[in-house]
Amino acid sequence: MRVTVVGAGVVGTMHAWQAVERGHQVVQIEREAEARGASLRNFGQIWVSGRAGGEELETALRARELWEEIGGRVPALGFRANGSLTPVRGELELAVAEAAVARPDAADRGYKLVTPGEARALNPALRGDFTAALHCERDAAVEPRTAQLALREELLKSPNYTFLPGREVREVVGAGSVRDDHGDVHHADAVVLCTGAWLSGLVRELAGPDLPVRRVRLQMMQTDPLGEPLTTSVADTDSFRYYPAYASPALDALNAAQPQPATAAEHKMQLLMVQRADGGLTIGDTHEYEHPFAFDTLEDPYDHLTGVVESFLGRPLPKIRRRWAGVYAQCTDTSRVVHRQQVSDGVWLVTGPGGRGMTCSPAIAETTANELGW
């Protein structure tokens, strides 16, 4: 079978990986020299802890298995089973953590409520004050800025794989055939459009104006090296308000009695933090849903995140090395893991995983391959 994958972000690259693994001939086309969208502008977290029960959690857990398997073959991915800690303060936040640990799927997530001393044994960098912490053993991380490059380097070892950068697919010219902006036609048995947040142009022509996917903008930052290991990923309790796994009467009570700080509420924020291979910290994030998006980044969210992180670490942050904004595609029905649609004869669109893209992409691609009979 011949497969054309359009898009070289993590979702597209995982589709190419699945097709090559199954013995098919693959051409992967990317309009940039390299992917530069949400697949690079994220935490690199394989985030199991907050996923909704059912399909979303099952997808994340399967993806976690696949990431570990692929990471064993491609060490440059930087896969590490680092887990996560969410420090809590006070009885209201503690009650939400206790409700999470009482979930019937808590063991699948590796949930455990730990004391401050136990949390510091897991992550000695957490020197700030807190009441307890929610530990999720199944969370993991990779290096987002280099993961696609490492996967592609491995794919290029196969004679069945071809990468064509700097080409934009402009039209479908027949069953399983597309033409790029160089005028070249690529014939295949299946075309998978993994175009991320690019939802205009060809995608709009094929899927129509009512595609149930929206774009979401975020802000993040990265520091100089911390100077010590941050051995787990770290979240704050605003992540309880954001992720569906934490919905409970205890969360309702927290929201009623202890709302988010004004800046966090205005920018729909949570803290997520992971250490990069060079020792720096990736920290975020905000969420903006209304178009048109701002073209600049705002300092108040960064100041808020800095204060939260320093309260957990009990020390000043290193110098901020870089700040950035990113845009990802999310299903408007946020309970859906991804939007997968046949948009033409032999052509499928796979988009809208939202903030699950890095986490779930291996399993999303595996499901596509299974459904298409690869």
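Colleague: Is Thr115 buried, exposed or partly exposed?

Modeller: In this predicted model, Thr115 is partly exposed, with a relative accessible area of 40%.

Colleague: Where does Thr115 lie?

Modeller: Thr115 belongs to the loop between β5 (111-114) and α5 (116-122). Its C-alpha atom is 9.0 Å from that of Phe130, a residue 15 places away along the chain.

Colleague: Let us turn to Val185. Which strand holds it?

Modeller: Val185 is in strand β11, residues 185-187. Its relative accessible area is 31%, so Val185 counts as partly exposed.

Colleague: What does Val185 touch, leaving out residues up to four places away in sequence?

Modeller: With those left out, Val185 touches Val173, Ser177, Val178 and Arg179.

Colleague: Next, Tyr161. Buried or exposed?

Modeller: Tyr161 counts as buried because its relative accessibility is 5%, and the cut-off for that class is under 20%. Tyr161 is placed in strand β8, residues 161-165.

Colleague: Which residues does Tyr161 touch beyond four places in sequence?

Modeller: Tyr161 touches Ala16, Val20, Val26, Gln28, Arg152, Leu155 and Leu156. With Gln28 there is also a polar contact between side chains, at 2.5 Å.

Colleague: What is the C-alpha separation of Tyr161 and Ala132?

Modeller: The separation of Tyr161 and Ala132 is 49 Å, and they are 29 residues apart along the chain.

Colleague: On to Ser84. Which side chain makes a polar contact with that of Ser84?

Modeller: The side chain of Asp139 does, at 2.6 Å. Ser84 lies in strand β4, residues 84-88, and is buried, with a relative accessible area of 1%.

Colleague: What else is Ser84 in contact with, apart from neighbours within four places in sequence?

Modeller: Besides Asp139, Ser84 is in contact with Trp47, Ser49, Leu134, His135, Cys136, Thr232 and Ser233.

Colleague: Now His339, please. Which side chains does it join in polar contacts?

Modeller: The side chain of His339 makes a polar contact with that of Arg336 at 3.2 Å, and another with that of Gln341 at 2.7 Å. His339 is in strand β18, residues 339-344.

Colleague: Is His339 buried or exposed?

Modeller: His339 is buried, at a relative accessible area of 7%. Neighbours within four places in sequence aside, His339 is in contact with Leu211, Pro212, Val213, Cys331, Leu349, Val350 and Thr351.

Colleague: A change of topic: helix α9. Which of its residues are buried?

Modeller: In α9, residues 249-257, the buried residues are Ala250, Leu251 and Leu254. Seen down the helix axis, they fall within an arc of 100°, so they line one face of α9.

Colleague: Which residues are exposed on the other side of α9?

Modeller: Pro249, Asp252 and Ala256 are exposed there.

Colleague: What covers the buried residues of α9?

Modeller: The cover includes α3 (90-101) and α8 (238-242).

Colleague: And the second largest pocket: how much space lies in it?

Modeller: The second largest pocket holds about 270 Å³ of space. It is lined by 14 residues, and the closest to its centre are Tyr242, Pro244, Gln330, Thr334 and Arg356.

Colleague: How many residues of each class are in that lining?

Modeller: The lining of the second largest pocket has six nonpolar, five polar and three charged residues.

Colleague: What is the phi of Lys268?

Modeller: Phi of Lys268 is near 50°, a positive value in a residue other than glycine. Lys268 sits in the loop between α10 (262-266) and β15 (272-275), and it counts as partly exposed at 41% relative accessibility.

Key. Residues are numbered from 1 along each chain as its sequence is written. This is a predicted model: local features need pLDDT of at least 70, side-chain atom pairs count only at pLDDT 80 or more; totals for chains, interfaces and linings use all residues. Side-chain values use heavy atoms; hydrogens and water are left out. Buried means under 20% relative accessible area, exposed over 50%, partly exposed in between (1.4 Å probe, protein chains only). Helices (H or I, at least four residues) and strands (E, at least two) are DSSP runs, numbered from the N terminus. The arc is that of the directions from the helix axis to the C-beta atoms. Contact means heavy atoms within 4.5 Å. On a 1 Å grid over the protein atoms alone, a cavity is a set of points where a 1.4 Å probe fits but cannot get out, and a pocket is an open set with protein on both sides within 12 Å along at least five of seven lines; lining residues have an atom within 4 Å of a point. Grid points are joined across faces, edges and corners, and a volume is the space filled by probe spheres set on the points. Ala, Val, Leu, Ile, Met, Phe, Trp, Tyr, Cys and Pro count as nonpolar, Asp, Glu, Lys and Arg as charged, and the others, Gly among them, as polar. A polar contact is a pair of N or O atoms within 3.5 Å; within protein, one must be able to donate a hydrogen and the other to accept it, and residues adjacent in sequence count only if both atoms are side-chain atoms.
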